Amino acid sequence: MSTKTAEAVCIGHPDKLCDLISDTILDDILYEDPAARVAVEVMASGHRIIVTGEITSKVRPRIRESVRYALVKAGYVPWRFVTFVWVRRQSPDINAGVTRSLEARFGDDTEFALQGAGDQGTVYGYATTETPERLPLPLVLSHEICTRLDNARKDGTITGIKSDGKAQVTVRYDAAGKPVAIETVVVSIQHDAAKDLDELASEVRTLIVAPACKPYLPISADTEILVNPSGLFTVGGPKADTGLTGRKLMVDSYGGLAPHGGGAFSGKDASKVDRSGAYMARLIAKTIVEARLAVECQVSISYAIGKADPVAFAIDTLGSGEYSDEILAKAVAEVFPLRPGGIIDALNLRKPGFARYSTYGHFGHPGLHWENSFAHVDALRKAVETHAHRTTAHR
């Protein structure tokens, strides 16, 4: 027996608010300039919103308007905040490397060779058969609880709650790695001073936690459910804690149950492989799992700034693969683009809409290009079988 734990946060959590603001600014720029280069960081503290970073665009960003829109969406009153803006253009050295890659400078004119990676580093993708979303169950449940909390606040199902909150779920697994029970659920939600805490705990248990878990693994009499275990939670959001863009990396990805390269997603255009490369790595991992080539899969892609081709690429099926990881890696390289320009084109990442995923994770949502694994299953299985036959023939 073993356990796994993951957390998620509500839309008004101070860090998540900063992610939302960063991606709202990005979206508003991309609506008018799909080729813009954006790397925006936000800090929220008390009644101050600080926006900084690099923006290179042919349109003038309406940053304060974007901030106000995001504040309203997150459940805050905009006029209670003062926004400070310090942004500059992208470094000309970085711009040159992204616009004309190392390969292009040496005469490579093959497809997508022109655009180099906007940064160096390793990105990871992960998928598992554990849930229909192909994500770890503790993370899926944590996101579902937070989604329901936000909806309950907006539609009045639970009165007297506010937009700052978080959830954490611990799931017990059997010896074969199958989830068998929900051990602990922790929910912290900001509330009005007049809210009765016993009533709140009862509402969260019956209206939020139970229906969130039921489709996956119902709670039992042995499940420990803790609601606001610290007691009162009347002061929340940026007034209680300083928020920063990119400080909820595990919430955004795999709940800490798979590796993360350390680069944030929010506020960055797709030339930054922290975002685009991670999205492609997720698509690859999910396609391998959907194709029944593995029960669990981890993908890693490493980039060098200004270079189009990855400097390293690996598949790890953690011992669950139908074929060797080496065969899978060769097949994947044939089916999926790994150059930044190819990834952006394949996943349609020049279009706005990123703010929709800045809360409740960037993965697992239907309809996204980086979640559309079924479109590539047949091609991947065919490529795998071809490489497996070649390997066998050469023995």
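Q: How is a pair of packed helices described?
A: By the angle between their axes and the distance between the axes. Here helix α1 (residues 14-30) and helix α2 (residues 63-73) pack at about 135°, their axes 9 Å apart. Axes are lines fitted to C-alpha atoms over the stretch in contact, and angles run from 0 to 180 degrees between N-to-C directions. α1 is therefore oblique to α2; angles under 35 degrees count as roughly parallel, over 145 as roughly antiparallel, 65 to 115 as roughly perpendicular and the rest as oblique.

Q: Which residues make the contact?
A: Contact means heavy atoms within 4.5 Å. From α1 come Leu17, Leu20, Ile21, Thr24, Ile25 and Asp28, and from α2 Ile63, Ser66, Val67, Tyr69, Ala70, Leu71 and Lys73.

Q: What is the model, and how is it numbered?
A: This is a predicted model, in which local features need pLDDT of at least 70, side-chain atom pairs count only at pLDDT 80 or more, and totals for chains, interfaces and linings use all residues. Residues are numbered from 1 along each chain as its sequence is written, and side-chain values use heavy atoms, with hydrogens and water left out.

Q: Is Lys248 buried or exposed?
A: Buried means under 20% relative accessible area, exposed over 50%, partly exposed in between (1.4 Å probe, protein chains only). Lys248 counts as buried because its relative accessibility is 12%.

Q: Where does Lys248 lie, and what is it in contact with?
A: Lys248 lies in the loop between β9 (243-244) and α7 (249-252). Beyond its neighbours within four places in sequence, Lys248 is in contact with Glu7, Val9, His13, Asp15, Lys16 and Asp19. Helices (H or I, at least four residues) and strands (E, at least two) are DSSP runs, numbered from the N terminus.
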